Amino acid sequence: MKQIALYGKGGIGKSTTSANLSAALGAKGLDVLQIGCDPKRDSTRMLMHGAWIQTVLDLVREKGEDHVSIEEVVREGFAGVRCVEAGGPEPGIGCAGRGIIATFRLLERLGALHGDVIVYDVLGDVVCGGFAMPMREGYAEEVYLVTSGELMSLYAANNIAKAVARLSKRSKPSCSLAGVICNAKNMAGEEDLVREFARRINSEMVAYIPRSRTVQLAEVHKQTVMEYAPDSEQAAVYRELAERIFANDQTSTPTPLEMDELEDLALQFAEI
Amino acid sequence: MNSKTLHSSSQRYEGCTLTGALSITSGVEDAVTVVHGPEGCAHHNVSLLHAVMAEQGRPALPRIVPTGLTEEGVIFGGEEDLAATLRAVAARKPGAIFVLTTCITETIGDDAASVCSEDYGVPVVLLPTAGFLGGCFSDGLNAALMTLAGLADPVEEAGETVTIIGEKNLEYEVEENFAEVERLLASLGLEVGLRFVRDARYADLKQIGAGQLNILREPALAPVGEVLKERFGTPYISSFPIGLEGSTAFLEEVGTLLDLQTGEAVQQEEERQRAMLDSFADLRGSVFSIDPMTFRALECTPVRRVMEALDLQVDADGAGVSLPYSPPVGTAGIRRLLHRWRRRVHA
């Protein structure tokens with residue numbers, strides 16, 4: 001079983017990338033489980049044709065932890081991808097991080113964590129210990145950073161690299177960095193910049209996903225690109241990403257950059 | 001961020017902020033204290049308070065209700081749990097509800113202040129008491145006294161009584177110590193009005209400005225004394241009298257602050273002290289070994305003076321005795337100490 005986690009700045013396209021990646025893997029005939037680890041609970045929505053599935057935490061709240069069944073928690077979406085949303089508190093109250101920990105504990109107990117590939121789609125940043133849960137022992141072994149060429153996006157990716165580096169130093173290291181995915185804004189020099197960023201943090205850019213109108217069109221039709229436009233160029237990009245990630249066995253311990261290094265790097269490519 | 005370090009050198013600079021505040025709020029007879037946090041935070045404190053109060057001859061359970069926060073409350077926020085508990089407690093019409101927060105509710109950022117500001121039909125008083133912020137027992141206690149003092153009603157004219165402030169509700173000799181202060185004040189013709197906070201009702205607390213003199217239990221409470229002095233002009237004495245000389249000095253200080261003649265009362269007290277020491281003549285020249293755990297109490301001058309007066313010797317091979325955790329209050333405190341020592345020597 002391959003367990004991967006996608007991290008990156010909020011709004012950078014983690015959920016779109018995750019859903020299309022899962023759909024492409026599912027379409028290959030693999031048994032895929034996608035877990036949305038974000039109180040916004042919108043990770044699997046395109047796989048579910050726009051439906052908001054009940055979250056693990058809502059079910060726990062409604063029925064009590066002992067009365068939640070695996071059938072209620074895991075819903076099958078496009079290409080047979082099994083979808084789970086952790087959920088969490090309303091914005092501005094409670095502790096979403098603890099919610100992720102509670103979700104994982106329940107998924108373990110229900111025996112939900114199985115399949116050929118598990119994709120963890122985690123919210124914007126590793127804001128606290130709870131959101132590092134998917135990177136802990138027994139869960140995602142491979143972390144992919146999703147970023148564009150924008151400085152703030154690289155900055156967030158660099159911060160997540162710090163969290164991965166920290167976890168790699170533990171006596172029983174459980175996760176490592178498997179690569180950087182460039183979800184492009186179509187800036188000049190963007191591909192080279194992200195490739196260089198990946199190299200500097202001791203990793204590799206595993207995919208360049210160009211900005212495409214097909215993604216938006218698929219989204220308004222409440223579908224993944226893989227379903228909405230399976231023959232499109234964009235679908236081919238996601239298929240390639242899926243092949244690459246499924247075959248990838250190269251991981252590394254990241255070497256995060258200092259802020260000034262990061263700024264110099266961005267400046268260097270902005271001047272091209 | 002709070003980076004306060006703990007002061008480990010003083011007696012009440014230990015423990016948890018929550019416990020310190022509870023030692024005060026649980027002394028309000030008609031109030032209920034709601035602890036906003038997991039059951040355990042309340043249970044631990046209820047056990048402690050109940051055990052000590054039972055020892056003091058008050059076996060009733062302290063009126064403390066936890067919101068009983070669970071993991072679900074932590075994840076989704078505990079504000080609703082707090083509101084529900086407040087509604088349930090308010091339905092029993094207590095004189096007031098005190099709300100004390102805990103580490104976890106402060107960590108997840110529950111807005112207890114806004115929940116407490118709703119109308120429950122009874123006064124609701126919030127005290128943030130998360131221990132992990134570096135506070136200790138003493139901080140909780142002081143914060144509780146300060147908050148309660150801040151609720152006081154304005155006073156037209158100071159009355160005749162004396163107010164006692166910040167008694168140590170968790171010490172076994174709390175009533176004996178109070179009785180000693182009451183006795184000394186009576187020798188000057190003074191009466192205690194309010195005990196702030198022991199055996200008091202919520203409405204009584206609002207009268208804290210009504211006394212003509214405030215007596216603090218210990219000097220660490222000076223900030224409370226200062227606040228009351230500033231607001232009501234009430235003078236204060238910063239500590240209960242410690243030992244024999246402390247008792248006579250106390251009488252003189254009260255006399256100075258209230259412009260009373262103290263000559264006769266001081267003379268009577270000195271005679272009483274001489275008679276008391278004479279009654280322990282059998283201890284003269286005895287050899288003690290002091291329990292090393294309490295050895296620092298030897299630095300307590302009033303204890304050393306009494307040892308000198310009775311020519312008591314300290315030697316590792318002598319009868320093992322312990323010194324009190326708190327310095328002995330008044331002439332009676334010294335008498336009880338000598339009684340305990342006598343039992344050891346003659347054991």
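Predicted model: local features only at pLDDT ≥ 70, side-chain atom pairs only at ≥ 80, totals over all residues.
Chain A has 10 helices and eight strands, and chain B has 14 helices and 11 strands.

**Chain A at a glance**

- With a radius of gyration of 18 Å, chain A sits close to the 19 Å that the globule rule gives for 272 residues, so this chain is as compact as a globular protein of that length.
- If you boxed up the C-alpha atoms of chain A along the principal axes, you'd need roughly 60 × 45 × 35 Å.
- Buried residues account for 56% of the 272 in chain A.
- Take the contacts in chain A between residues at least 6 apart in sequence, and 77% of them join residues at least 24 apart.
- Chain A shows about 11600 Å² of surface, with 47% of that coming from carbon and sulfur atoms.
- On the charge side, chain A carries 29 positive and 38 negative charges, and their mean positions lie 4 Å apart.

**Chain B at a glance**

- The C-alpha trace of chain B spans about 70 × 50 × 40 Å along its principal axes.
- Some 52% of the 347 residues in chain B are buried.
- Among the chain B contacts between residues at least 6 apart in sequence, 77% link residues at least 24 apart.
- The accessible surface of chain B is about 15900 Å², and carbon and sulfur atoms make up 51% of it.
- Chain B has 28 positive and 49 negative charges, whose mean positions are 5 Å apart.

**Nonpolar cores**

- In soluble globular proteins, nonpolar side chains tend to be buried together.
- The largest nonpolar core here has 56 residues, and the members that touch the most others are A:I35, A:V73, A:Y120, A:M135 and A:L145.
- Another core, of 38 residues, lies apart from that one and includes B:A21, B:L100, B:L141 and B:L221.
- Zoom in on A:V73 and, beyond its neighbours within four places in sequence, you'll find contacts with A:V56, A:L59, A:V68, A:C83, A:V84, A:L107 and A:L110.

**The loop between helices 11 and 12 of chain B**

- This loop runs between helix 11 (243-258) and helix 12 (263-278), and B:T262 is found in it.
- B:T262 has a relative accessible area of 13%, so it counts as buried, the cut-off being under 20%.
- Leaving out neighbours within four places in sequence, B:T262 contacts B:L188, B:L251, B:E252 and B:G255.
- B:D259 is in the loop between helix 11 and helix 12 too, but B:D259 is exposed, at 70% relative accessible area.
- B:D259 also has a positive phi of about 60°, even though it isn't a glycine.

**Other backbone spots worth a look**

- A cis peptide bond connects B:F196 and B:V197, with omega at about 20°.
- B:V197 belongs to the loop between strand 6 (192-196) and helix 9 (202-205) of chain B.
- Over in chain A, A:N202 is a non-glycine residue with a positive phi, near 70°.
- You'll find A:N202 in the loop between helix 6 (190-200) and strand 8 (205-209) of chain A.
- A:N202 counts as partly exposed, because its relative accessibility is 38%.

Notes. Residues numbered from 1 in each chain as written. Chains lettered and ligands numbered in written order. Heavy atoms only, no water. Helix = DSSP H or I, 4+ residues; strand = E, 2+ residues; numbered from the N terminus. Buried < 20%, exposed > 50% of the residue type's maximum accessible area, 1.4 Å probe, protein only. Contact = heavy atoms within 4.5 Å. Areas by Shrake-Rupley, 256 points an atom, 1.4 Å probe, with all protein chains shown as cover. Lys, Arg positive; Asp, Glu negative; His and termini not counted. Charge placed at Lys NZ, Arg CZ, Asp CG, Glu CD. Core = buried A, V, L, I, M, F, W, Y, C linked by side-chain atoms within 4.5 Å. Rg over C-alpha atoms; globule rule 2.2 N^0.38 Å.
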